[in-house]
Amino acid sequence: MKYAFPENFWWGSASSAQQTEGESLKGGKSATTWDAWYASQPWRFHQQVGPQDTSTFYQHWREDIALLKELNHNSFRTSISWSRLIPDGTGEVNREAVAFYSNMLNELAEQGIEPFITLFHFDMPMVMQEKGGWENREVVEAFTRYAQICFDLFGHQVKHWFTFNEPIVPVEGGYLYDFHYPNVVDFRRAATVAYNTVLAHASAVRAFRAGHHPGEIGIVLNLTPSYPRSQHPADLKAAHHADLLFNRSFLDPVLLGEYPADLVALLKEYDQLPACHLGDKELIAAGKIDLLGINYYQPRRVKCRDSAVNPESPFMPEWLFDYYEMPGRKMNPWRGWEIYEPGIYDILVNLRDNYGNPRCFISENGMGVENEQRFIENGQINDQYRIAFITDHLKWLHKGISEGCNCLGYHMWTFIDNWSWCNAYKNRYGFVQLDLETQKRTVKKSGEWFAATAKNNGFDE
Ligand code: BGP
């Protein structure tokens, strides 16, 4: 086999509670920011399809786990919904939710599929958001309690925990660029949200260790390698700043136990540092992880600014760099994201060389495509573009592993076409096609390809 992967390599896919469960306001669950936002501004969502329209994992989990098995998954990541488990955020545990998650985890075990469980995948309970969400330090304690409850309830079933999925995204979306609730545009508030998220992460890790729970704990970060337009010092500086803000603001605390000095200096220079309390440093140092999940979709290409910043305008990341639309770059035209396969290798090499080669795996990688129906042949979506996308990324991943990078698995986004934040069903990512009307599931060609690859632990070319 030309591209053989290490023994016990994790092959699987990822999903999340809000995007798949459905029954968004049923089964005792309270509203998340997504439910509330949809209720007040449905036009924000593609074709006004809201988070209630899903593949209804809440009912179809058994059937879906059978499909995971059919696709030869040996592992699968999903999340627990805080607002389902503890509807008022801080009080009573919802027994119906406990039964649901525990039955689902049992079924995964029965099928020999290792569960990877995320505690927070963008779905803040609205009751907590009303108290300030991640801007309010009190949420750190509430999140830690929620995490502890999960460890206590499901610790015998789950061996791989993740505190957050892509914690920078609610920061960017909710507090900088207006694509998540609460639609604030304010760098200082964004910095506070990011800081409190790091504290919440560290506090949950500390609780996990204090409780001597079995297994390991980590976080899932979306890493966007920052490439400069040129080797000119001004472009290099722009790339360094983008890297500090969008990667290292989480990567350094969770792997090294501290913030990069350059980032602290930068925020100080622009008077954007969040308030620090006594003991925060020690807490952050306690938040070092066992396992890093890497979501890789696209790089970030930047250049120095061509024009001076208007000093009257509010501080934004773009004060420090401009985006660079590199001529000839390969794009996914539907999602508007660049496809750059070597990025996956560059991430791994950076982790190996600058972060002590931590245990890691690719926790998401994928290709969202519009109107996939047009590729149906004999009743099945023939998504050759997705097979090519995965193959090309796996080749670079394989190269990284053969050069000593400590990458233990590859999970695709996603198992079944799911509801996406604001984009609803505009771009579909699944190995399995979902008919929203009938709930019928049909495996795509890429699903079959992946099943064979997972079974053979690699592929030939
Ligand atoms: C990641 C998220 C996923 C998923 C994916 C695809 O950022 O972790 O939840 O949605 O991106 O992105 P989108 O659905 O916005 O196209």
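These legends go with a set of close-up views of a predicted model.

In this predicted model, local features are taken where pLDDT is at least 70 and side-chain atom pairs only at pLDDT 80 or more, while totals for chains, interfaces and linings use all residues. Residue numbers start from 1 along each chain, following the sequence as written.

**View 1. The shell around the ligand.** Here we look at the 15 residues that surround the ligand, the closest being E166, G368, W413, S420 and N427. By class, the shell holds three nonpolar, nine polar and three charged residues. The classes go like this: Ala, Val, Leu, Ile, Met, Phe, Trp, Tyr, Cys and Pro are nonpolar, Asp, Glu, Lys and Arg are charged, and the others, Gly among them, are polar.

View 2. E364 sits in strand β13 (residues 360–364). Helices (H or I, at least four residues) and strands (E, at least two) are DSSP runs numbered from the N terminus. E364 counts as buried because it has 23 C-beta neighbours inside 10 Å. The cut-offs, with C-beta atoms placed from the backbone: 20 or more other C-beta atoms within 10 Å of a residue's own makes it buried, 12 or fewer exposed, and anything in between partly exposed. Setting aside neighbours within four places in sequence, E364 is in contact with A14, N295, H411 and W413, where contact means C-beta atoms, placed from the backbone, within 7 Å.

**View 3. H411, a contact of E364.** H411 belongs to strand β17 (residues 407–412) and is buried, with 27 C-beta neighbours inside 10 Å. Beyond its neighbours within four places in sequence, H411 is in contact with several residues, including W10, G12, R77, F361 and E364. S75 is 336 residues away from H411 in sequence, yet the two are 8.2 Å apart in space, C-alpha to C-alpha.

**View 4. Helix α7 against helix α9.** The axes of α7 (residues 138–154) and α9 (residues 187–210) come within 9 Å and cross at roughly 35 degrees. Axes are lines fitted to C-alpha atoms over the stretch in contact, with angles from 0 to 180 degrees between N-to-C directions. The crossing is right-handed, meaning that the near helix is turned clockwise from the far one by less than a right angle. On the α7 side, V139, V140, F143, T144, A147, Q148 and F151 meet N196, L199, A200, S203, A204, A207 and F208 of α9. That makes 10 nonpolar, four polar and no charged residues.

**View 5. Two cis peptide bonds.** Most peptide bonds are trans. Y181 and P182 are joined by a cis one, with omega about 10 degrees, and P182 lies in the loop between α8 (168–175) and α9. The bond from W413 to T414 is also cis, with omega near 10 degrees; T414 is in the loop between β17 and β18 (427–428).

View 6. D271 has a phi near 55 degrees and sits in the loop between α11 (261–269) and α12 (280–285). D271 is exposed, with 8 C-beta neighbours inside 10 Å. For N457, phi is again near 55 degrees, and N457 is partly exposed, with 17 other C-beta atoms within 10 Å.

Conventions. A residue is near a molecule or strand if its C-beta atom, placed from the backbone, lies within 6 Å of it. Two residues are in contact if their C-beta atoms, placed from the backbone, lie within 7 Å.
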